[in-house]
Amino acid sequence: MTTHTTRMLIIGSGPAGLSAAIYGARAGMQPIVVQGLQPGGQLTITTDVENYPGFRDVIQGPWLMQEMQAQAEHVGTRMLWDTITEVDLTSSPFRAIGDSGDVYEGDTLVIATGAQAKWLGAPSEQELSGKGVSACATCDGFFYRGKKVVVIGGGNTAVEEALYLTNHSPDVTLIHRRDSLRAEKILQDRLFAHPNIKVLWNKAVDHFVGGESGLIGVALKDTVTGEASVEPTDGAFVAIGHAPSTELFKGKLEMDDGGYLIVEPGTPKTAIPGVFACGDVMDHIYRQAVTAAGTGCMAALDAERFLAERDFAASKA
Ligand code: NDP
């Protein structure tokens, strides 16, 4: 068992964690990033990325994360491969214990553990993921220009994704398992008014149907009558919510109903001074790599300020 100490401990290695690391390292905080179960985060399970600023040509998600990691290491970040299983936030230095048995102590803690899209768990869903099945319209909608797409879900995300997809597709179908949506009324009004969107009510996905080169349809079951049908489609967007990775912080940090960490509005500050949250773990609205990177940067700047103020106060004592 080894104890690793740092001025800035970062849990999570997606765009939020690595951006915090780049800024933290350049500020001389010698950050440690504990990478977690999915090093690089959600972008490592996507392919083409066309909306991250700075790249004229299409780049690959895994490549972007490798570059971010290399940049973080280049400026002095220590990347450690471990999964945190326990944290103690009662006093600084904050302590985290890894699956390996190693202990990590940070004068400040940056939580960047991200979120995961929820999947239906229907047959062929994972096999066709990236071949017609996606959980992110903003990321993948562009590839369905002029094609038919469906969105599964009835919340804000599903309705926003359906509306967003009309920028690319002339034929969008929202599939929902009940006969009413839980999305906000204003979004529903926009959805129902849109000429290119139709809604299939009371339909649950039974399985995804694959053809030679990917998805060709979605097999449905009527939740009232039990009747089976197939909706032909080129793309299916599963939009049934996201789950933030906040299990570790239950009872230790404030969370909203969805389990997202609550921060002081407009900042990455949690209720515990010196503990910051950035990226998808505290953002259920935007959830983009670039916004995660932005809040990661904010967390590092605030961590640096926190330490400067604390050190100054200690020098006066
Ligand atoms: P929600 O939990 O609000 O909605 C999930 C939807 O998926 C529900 O309609 C639910 O159906 C459906 N669903 C869940 N599981 C299944 C399943 N196994 N099979 C079929 N359908 C399923 O998630 P969202 O991602 O939409 O929103 C999460 C949070 O983020 C909310 O608080 C939302 O308001 C917020 N948000 C806000 C935005 C904004 O303000 N612009 C944008 C996006 C999200 P059912 O209704 O039957 O339970």
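Predicted model: local features only at pLDDT ≥ 70, side-chain atom pairs only at ≥ 80, totals over all residues.
A polar contact here is a pair of N or O atoms within 3.5 Å.

**Entry 1: the ligand**

I started with G154. A backbone N or O atom of G154 sits 3.0 Å from an oxygen atom of the ligand, so that pair falls within the 3.5 Å limit and goes down as a polar contact. In R178, an N or O atom of the side chain is 2.6 Å from an oxygen atom of the ligand. For R182, I found a polar side-chain atom 2.6 Å from a ligand oxygen atom.

Which residues come nearest to the ligand? My list reads T157, E160, R177, R178 and R182, out of 15 residues around the ligand. I sorted the shell by class too, and got eight polar, five charged and two nonpolar residues.

**Entry 2: the sheet**

I moved on to the strands. As a reminder to myself, strands of a sheet pair through backbone hydrogen bonds, either parallel or antiparallel. In this model I traced an open sheet of five strands, with parallel pairing and the order β10-β17-β11-β12-β13.

**Entry 3: strand β11**

β11 covers residues 148-152, and I found five of its five residues buried. I checked both faces. K148, V150 and I152 are buried on one side, and V149 and V151 are buried on the other.

Then I looked up the partners of β11. With β12 (residues 171-175), β11 pairs in the parallel sense over five bridges. One thing I wrote down is that K148 has D171 as its bridge partner in β12. With β17 (residues 235-238), β11 also runs parallel, and four bridges join the two. There I152 stands opposite V238.

Together with helix α4 (residues 156-165) and β12, β11 makes a right-handed β-α-β unit.

Two bridges join β10 to β17, and the two strands run parallel.

Is S134 buried or exposed? I read 4% relative accessibility for S134, so it counts as buried, since the limit for that is under 20%. I also saw that the side chain of S134 reaches the backbone nitrogen of C136 at 2.9 Å.

I finished with the loops. S92 and P93 are joined by a cis peptide bond, with omega about 0 degrees. P93 is in the loop between β6 (84-88) and β7 (94-98).

N202 is not a glycine, yet I found a positive phi of about 55 degrees there. I placed N202 in the loop between β13 (197-200) and β14 (203-211). At 17% relative accessibility, N202 counts as buried.

R287 also has a positive phi of about 55 degrees although it is not a glycine. I located R287 in the loop between β19 (275-277) and α6 (289-316).

Methods: Residues numbered from 1 in each chain as written. Heavy atoms only, no water. Near = heavy atom within 4 Å. Polar contact = N/O pair within 3.5 Å; in protein donor to acceptor, adjacent residues only side chain to side chain. Nonpolar A, V, L, I, M, F, W, Y, C, P; charged D, E, K, R; others polar. Buried < 20%, exposed > 50% of the residue type's maximum accessible area, 1.4 Å probe, protein only. Pairing = 2+ DSSP bridges. Right-handed = clockwise from strand over helix to strand, strands pointing away.
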